[in-house]
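Subject: Structure handover and notes

Hello,

Here is the structure I said I would pass on. My notes on it follow below.

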Amino acid sequence: MSLQLMKYAVYGRVQGVYFRDNAVKQAKAAGVAGWVQNNLDGSVGGEAIGGPENLTKFKEWLKQGPLSARVEDLKTEYHEVEEDHFYGHFERRK
């Protein structure tokens, strides 16, 4: 399986609604590694590494987020995985 790196930013009402905690659960369920954090501009962003099918599953969740969120936009970029980008787990950052 070839791995891909997906950088993402989610916009809308996504901070203060347990988006990051739920993203960790959903990433683990989807089988992706990486991280999620609150950004200064009010968005939530991060990186996810996994196979194409795993990333698609996680991306579909990012489009809606948890019930208390209101996702207005999702930006993603895909990159080849560099060896130093492999995380092995998914974590919540500040």
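Where is the place of Leu67? Leu67 sits in the loop between helix H2 (52–62) and strand S4 (70–80). Please keep in mind throughout that this is a predicted model. Leu67 counts as exposed because its relative accessibility is 90%, and the cut-off for exposed is over 50%.

How many aromatic pairs does the structure hold? There are four aromatic pairs. In one of them, the ring centres of Phe19 and Trp61 are 5.1 Å apart and the planes are at 50°, so this pair is tilted. Phe19 belongs to helix H1 (residues 19–30) and Trp61 to helix H2, so the pair ties together parts that are 42 residues apart in sequence. Phe19 counts as buried because its relative accessibility is 1%. Trp61, at 9% relative accessibility, also counts as buried.

Trp61 pairs with Phe58 as well: the ring centres are 6.4 Å apart and the planes are at 15°, so this pair is stacked. Both residues lie in helix H2, three residues apart, which is about one turn of the helix. Phe58 has a relative accessible area of 0% and is therefore buried. Ring pairs link Phe19, Phe58 and Trp61 with Tyr8 and Phe90 into a cluster.

The nonpolar core comes next. Its general background is that nonpolar side chains tend to be buried together in soluble globular proteins. The largest nonpolar core here has 21 residues. Those with the most contacts inside it are Tyr8, Phe19, Ala48, Phe58, Leu62 and Phe90. At least two residues of this core come from each of S1, H1, S3 and H2. H1 gives the most, with five residues.

On the strands, S1 has two pairings to report. S1 pairs with strand S3 (residues 44–50) in the antiparallel sense, over seven bridges. Within that pairing, Lys7 has Glu47 in S3 as its bridge partner. S1 and S4 also run antiparallel and are joined by 10 bridges. There, the bridge partner of Tyr11 is Asp73 in S4.

Two loop residues remain. Which residue has a positive phi although it is not a glycine? That residue is Tyr18, with a phi of about 65°. Tyr18 is in the loop between strand S1 (4–13) and H1. With a relative accessible area of 61%, Tyr18 is exposed.

The loop in question runs between strand S2 (33–38) and S3. The side chain of Ser43 makes a polar contact of 2.6 Å with the side chain of Asp41. Leaving aside residues up to four places away in sequence, Ser43 touches Val10, Tyr11, Val14, Gln15, Gln37 and Asn38.

Regards

Notes. Residues numbered from 1 in each chain as written. Predicted model: local features only at pLDDT ≥ 70, side-chain atom pairs only at ≥ 80, totals over all residues. Heavy atoms only, no water. Helix = DSSP H or I, 4+ residues; strand = E, 2+ residues; numbered from the N terminus. Buried < 20%, exposed > 50% of the residue type's maximum accessible area, 1.4 Å probe, protein only. Phe/Tyr/Trp six-rings, centres within 6.5 Å; stacked < 30°, edge-to-face > 60°. Pairing = 2+ DSSP bridges. Core = buried A, V, L, I, M, F, W, Y, C linked by side-chain atoms within 4.5 Å. Polar contact = N/O pair within 3.5 Å; in protein donor to acceptor, adjacent residues only side chain to side chain. Contact = heavy atoms within 4.5 Å.
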